[in-house]
Amino acid sequence: MAANFWTSSHFKQLLDQEEVDVVNPLDKEKGITLEDFKLIKMHMANYIGKLATYVKVRQRVVATAVTYMRRVYTRKSMVEYDPRLVAPTCLYLASKAEESTVQARLLVFYIKKQIPDDKYKYEIKDILEMEMKILEAINYYLVVFHPYRSLSQLLQDAVLNDINMTQLTWGIVNDTYKMDLILVHPPHLIALACIYIASVLRDKDTTSWFEELRVDMNVVKNISMEILDFYENHHKPINEDRISAAANAALSKLALKP
């Protein structure tokens, strides 16, 4: 894995928000709106997280899998790449990339338990075939840098590394994967935005610390506002049942078939 974010394939693949918020023409033809598009990706991020708890992989694998999934849909349509198959396949691929390999047959077992519709109960061969399609879709770029990497060090540097602040900021970072932030912003700026939000919530004065960092606070605050707007729109704690129902309604427009 590249040691320097600024020379990595991840950095080279960063997009503008306008490039991410684009519904593929094939999906548009099926009636998928931008709101549907975001809901489906959020739902699939939740689905990846649920599968990960069953196969017992660490949060970093989940984050990498969600990033792969979101990268796929900047290039491919949901009509062509069924989210119900892409999501677990991204988890399978991420488990290998992060050296926490999960067997495909184990994933298939839990997919069949999680998705009641027989039409979408995929087999091992489906996972393996989709893996090759996903690799091609993301140009074989498997390196992902995450906010977690710098979060602990930044919290320690700001003398905010008590258990309450650590848990709060870690939780906020986890929630950023329900959005497309990882495709748009450098991970250390996402981490700083999460620290900024947590410090405000816990009434911690971090003004001088942020000034010493010499980062663009406009960017940090803009990312913070995106996260807070997300919470406002989805009612923190996030109602996953409501998101799931809305996403399934959107998926039904695609009339996907395995």
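**Entry 1. Glutamate 131**

I began with glutamate 131, which counts as buried at 7% relative accessibility. I note here that the model is a predicted one. I then looked for a charged partner and found lysine 96, whose side chain meets that of glutamate 131 in a salt bridge at 2.6 Å, N to O. This pair joins distant parts of the chain: glutamate 131 belongs to helix H8 (residues 124-137) and lysine 96 to helix H6 (residues 83-97), 35 residues apart.

**Entry 2. Glutamate 123 and lysine 112**

Next I looked up glutamate 123, which forms a salt bridge with lysine 112, with 2.9 Å between the closest N and O atoms. Glutamate 123 sits in the loop between helix H7 (104-114) and H8, lysine 112 sits in helix H7, and the two are 11 residues apart. I checked accessibility for both residues. Glutamate 123 is partly exposed at 35%, and lysine 112 is partly exposed at 31%.

**Entry 3. Aspartate 82 and arginine 84**

I also looked up the salt bridge of aspartate 82 with arginine 84, where the closest N and O atoms are 3.8 Å apart. I recorded both aspartate 82 and arginine 84 as buried. For the whole structure I noted 7 salt bridges.

**Entry 4. Domains**

I turned to the domain assignment. Domain 1 covers 14-143 + 239-255, and domain 2 covers 147-234. Over C-alpha atoms, the centres of domain 1 and domain 2 are 26 Å apart. In the contact I found 21 residues from domain 1 and 16 residues from domain 2.

The size of an interface is often given as the accessible area lost when the parts come together. For domain 1 and domain 2 I have about 1600 Å² buried between them, with 56% of it on carbon and sulfur atoms.

I then looked up the polar side of this contact. Between domain 1 and domain 2 there are 2 salt bridges. The residue pairs in polar contact between domain 1 and domain 2, both at pLDDT 80 or more, number 8.

Which helices each supply at least two residues of the side of domain 1 that touches domain 2? I listed helix H2 (17-20), helix H4 (34-55), helix H5 (59-72) and helix H15 (240-254). H5 gives the most, with 6 residues. By residue type, the side of domain 1 that touches domain 2 divides into 9 nonpolar, 6 polar and 6 charged.

**Entry 5. Aspartate 180**

I finished with aspartate 180, which lies in the loop between helix H10 (163-176) and helix H11 (181-184). Is aspartate 180 buried or exposed? At 8% relative accessibility it counts as buried, because the cut-off for buried is under 20%.

I looked up what aspartate 180 touches, leaving out residues up to four places away in sequence, and wrote down Gln17, Val20, Asp21, Lys41 and Arg70. With lysine 41, the side chain of aspartate 180 meets in a salt bridge at 3.0 Å, N to O. With arginine 70, the side chain of aspartate 180 is joined by a polar contact of 2.8 Å.

Technical notes
Residues numbered from 1 in each chain as written. Predicted model: local features only at pLDDT ≥ 70, side-chain atom pairs only at ≥ 80, totals over all residues. Heavy atoms only, no water. Domains from an automatic or database assignment. Contact = heavy atoms within 4.5 Å. Buried area = accessible area lost by both parts, 1.4 Å probe. Salt bridge = Lys/Arg side-chain N within 4 Å of Asp/Glu carboxyl O. Polar contact = N/O pair within 3.5 Å; in protein donor to acceptor, adjacent residues only side chain to side chain. Helix = DSSP H or I, 4+ residues; strand = E, 2+ residues; numbered from the N terminus. Nonpolar A, V, L, I, M, F, W, Y, C, P; charged D, E, K, R; others polar. Buried < 20%, exposed > 50% of the residue type's maximum accessible area, 1.4 Å probe, protein only.
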